[in-house]
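Try each one before you read its solution.

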Amino acid sequence: MSSLRKGIEKVEVGLKWDPSQLGSPPHDLDLVAATYTSDDPHGSPAYLVHFDSRSPDGTITLNRDSRTGIGFGFDEVMTLELDRLAARYARVLVGVVVQQSEEQAGRDTVFADVANTAVRVRESYTDLSQHDLSAVDGSSAATIAEFTRDADGEWSFREWLRGFDGDLTAFAAVMGAL
């Protein structure tokens with residue numbers, strides 16, 4: 001008997017945090033998505049989506065970008081239309097990075113320095129994952145979700161919380177191998 005379920009098709013990833021205390025430099029957390037091809041699923045990403053950008057084909061979009069955490073609800077929101085990704089893409093990782101401002105130079109900000117972080121991965125109205133970043137609180141970057149395509153073309157989700165120390169450039173270079 002075959003299933004009508006086609007795997008995960010479209011997801012929304014949300015990230016929120018509280019603003020810095022008055023007089024302190026703002027905390028800027030960023031969602032980042034990396035796509036990997038089937039011939040190199042753990043190597044270098046084919047492309048990244050971050051900083052108010054979208055994928056070349058429009059299937060991954062950063063809909064909301066915050067530099068301070070000020071606002072209600074989720075401060076950053078990314079939509080991934082996995083069902084529209086070209087067949088050559090077999091893996092998508094989503095991560096979070098703490099951006100360092102010039103005011104913070106010389107001292108790495110880690111997730112423990114940012115109050116009330118929360119991450120949610122949702123398909124339609126179903127939460128696939130919801131947590132804070134306390135498990136990686138000593139890190140300045142972390143993978144949070146992995147989406148993989150099987151031989152039938154169906155996408156599956158795995159919560160994948162792994163910490164990393166470094167900036168966006170260093171994180172993106174090794175994100176697929178973590």
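**Exercise 1.** Which residue in β8 is the bridge partner of Arg122?

*Solution.* Keep in mind that this is a predicted model. Start with the strands: β7 (residues 118-123) pairs with β8 in the antiparallel sense over five bridges. Then look across from Arg122, and you find Asp127 as its bridge partner in β8. Finally, check the turn: two residues lie between the strands of this hairpin, and Ser124 takes a positive phi near 55 degrees.

**Exercise 2.** Find the strand order of the open sheet of five strands, and its edge strands.

*Solution.* The order is β4-β5-β1-β7-β8, with antiparallel pairing. Pairing on one side only marks the edge strands, β4 (60-64) and β8 (126-131). From one strand to the next, the twist averages 15 degrees. Now go to the β4 end: β4 and β5 (residues 76-81) share four bridges in the antiparallel sense, and Ile60 stands opposite Leu80 in β5.

**Exercise 3.** Classify the ring pair of Tyr47 and Tyr89, then that of Phe164 and Phe171.

*Solution.* The structure holds three aromatic pairs. For Tyr47 and Tyr89, the centres are 5.6 Å apart and the planes stand at 80 degrees, an edge-to-face pair. Tyr47 lies in β3 and Tyr89 in β6, 42 residues apart. For Phe164 and Phe171, the centres are 5.6 Å apart and the planes are at 35 degrees, so this pair is tilted.

**Exercise 4.** Is Phe171 buried or exposed?

*Solution.* The cut-off for buried is under 20% relative accessible area. Phe171 has 0%, so Phe171 is buried.

Terms used. Residues are numbered from 1 along each chain as its sequence is written. This is a predicted model: local features need pLDDT of at least 70, side-chain atom pairs count only at pLDDT 80 or more; totals for chains, interfaces and linings use all residues. Side-chain values use heavy atoms; hydrogens and water are left out. Two strands pair if DSSP finds at least two bridges between them. Axes are lines fitted to C-alpha atoms, for helices over the stretch in contact, and angles run from 0 to 180 degrees between N-to-C directions. Rings of Phe, Tyr and Trp (its six-membered ring) pair if their centres lie within 6.5 Å; planes under 30 degrees apart count as stacked, over 60 as edge-to-face and the rest as tilted. Buried means under 20% relative accessible area, exposed over 50%, partly exposed in between (1.4 Å probe, protein chains only).
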